[in-house]
Amino acid sequence: MEPRRKLIESLIEEYPDLPFEVLYKEDLLRTGVAFSEDALRVASGFQPKAYFIFSFDLVPISAMPNRENFRVPEEICLSGGKNKFRRVIVSVRVNPVSPYQVTLSRDGRLILVLNEDEVCEVVFPKVPDYYGAELSSGKPITDIAPVIEWGYLLYLTVFRLCQYFGRQEECQFCDINENYRQQKKSGRVYSGVKSVEEILEALEIVSESDSISKAYTITGGSITSDIQGKNEIEFYSQYPRAIEERFPGRWISKLGVQALPKADVRRFKESGVQIYHPNYEVWDPALFEIFCAGKNRYVGRDEWIARVLQAADVFGPSYVIPNFVAGIEMSKPHGFGTCQEAVDSTAEGISFFMSHGIVPRFTTWCPEPLSALGSSNSEGAPLEYHVGLLRAWRNLLESFQLSPPPGYGEPGIGKAVFSVSSFMDVVG
Ligand code: SF4
């Protein structure tokens, strides 16, 4: 058996308490996936990747020989095959030299292969009915209101840039500014700032034909000065306020912005936000300082933590969900040298938040080459780390007697739709 497969098989055997499918999911997320020309041709009839915020690719667009950036599907569903996969949804992260490839089998099935050995069958996402629509401005709806998580979550990145700018301030794992530049250069219609009117017009179109989406996220880069004369709170709160006025209670409303003082967080709540994501990114104090230099300078780690806890007073603890970028704590050259140290460190943070009733979640780190960390790390954290982290998160959730976070659909293998980490696949 070739080494990669052997490693996965041995981890599956060692940890039978995890659904075996998530090992492939995590490996795909940390490694990326290639597509054969046949698979790309098939993908043309399915939901295309919309680049909803970051690139989430293992190569820049300039290193995609087959224009994959315009041709790959948003997500893939792993299912069936000789290993009898239960349904698992995986976000597509392009890597033309990945050992994983989606291709057509000799008998015409869409399959995932690992070094040419079949892993399972693959299903591409259906194109949502509204995806061909254009706004009155001529902008495609996929620019303004793309959907992810197999149709569950409308992802409204209303500001595609970040005012933490340059290597001294941008979070080192983040390629938001560089991705914006490369998307514009590639010819994609990619609005830097979306107006409230555009968002409402797009959601009007969505609401006419769609019954699958259940939530929306308003998010974007940090605002340290202002945009269009509005500060961060004024800018971001105008969207949920307008959406909830026009479509009261139609979707679960989420907001992903910095950890802000309690009075400002209250304004978000008053504007209609139900779930708040003051993303924490990495727990270790020294790594937070290095990887989140802008946040560290403007807010500071201790204050960030204090604000996350204060937000729980406003929204209720289960409605405050900070994100960790799972794996950056193992990046070179500053990260931990062993999986155990990295898992222990992050588990300490998870435990801290859970002891306050707050359930953090993850995005599996994608070392995007246009980010600072991606330029010095060609692949993500080891698979063993992700296995350890998922087990630690699940065990802590159980020991604190907490439920999986709201706003992610049904938990459990075969049911979960969250596509950039497996945390929802391992519970329920
Ligand atoms: S705050 Fe950090 S993670 Fe968020 S958009 Fe800015 S650079 Fe990226």
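This is a predicted model: local features need pLDDT of at least 70, side-chain atom pairs count only at pLDDT 80 or more; totals for chains, interfaces and linings use all residues.
Trainee: Thanks! Stepping back, how many helices and strands does the protein chain have, and why can it be called as compact as a globular protein of its length?

Mentor: The secondary structure comes to 15 helices and 13 strands. The globule rule gives 22 Å for 428 residues, and the radius of gyration of the chain is close to that value, so the chain is as compact as a globular protein of that length. Along the principal axes, the C-alpha atoms fill a box of roughly 60 × 50 × 40 Å. The radius of gyration itself is 20 Å.

Trainee: Which domains does the assignment give, and how far apart do their C-alpha centres lie?

Mentor: The domain assignment gives domain 1 (18-123) and domain 2 (130-399). Their C-alpha centres lie 24 Å apart.

Trainee: In the open sheet of six strands, which strands stand at the edges?

Mentor: The order is E1-E4-E5-E6-E2-E3, with mixed pairing. A strand at the edge has a single partner strand, so one side of it is left without a neighbour in the sheet. Here the edge strands are E1 (34-35) and E3 (85-91).

Trainee: And what angle does the direction of H2 make with that of E3?

Mentor: H2 packs on the sheet.

Trainee: Which residue in the turn of the hairpin formed by E2 and E3 has a positive phi?

Mentor: E2 and E3 run antiparallel and are joined by five bridges. One of the pairings is Gly 80 with Phe 85 in E3. Four residues lie between the two strands, and the one in the turn with a positive phi, about 75°, is Gly 81.

Trainee: Which residue in E6 does Leu 78 stand opposite?

Mentor: Start with the strands, E2 and E6, which pair in the antiparallel sense over three bridges. Within E6, the residue opposite Leu 78 is Val 122.

Trainee: Do E4 and E5 run parallel or antiparallel?

Mentor: Five bridges join E4 (residues 100-104) to E5 (residues 110-114). Leu 104 stands opposite Leu 110 in E5. The two strands run antiparallel.

Trainee: Last one: in the open sheet of five strands, what is the bridge partner of Ala 215 in E10?

Mentor: This sheet has the order E7-E8-E9-E10-E11, with mixed pairing, and its edge strands are E7 (147-148) and E11 (275-276). E9 (residues 215-220) and E10 (residues 252-256) run parallel, joined by five bridges. In E10, the partner of Ala 215 is Ile 252.

How values were computed: Residues are numbered from 1 along each chain as its sequence is written. Domain bounds come from an automatic or database domain assignment. Two strands pair if DSSP finds at least two bridges between them. Two residues are in contact if their C-beta atoms, placed from the backbone, lie within 7 Å. Axes are lines fitted to C-alpha atoms, for helices over the stretch in contact, and angles run from 0 to 180 degrees between N-to-C directions. The radius of gyration is taken over C-alpha atoms; the globule rule is 2.2 Å times the number of residues to the power 0.38.
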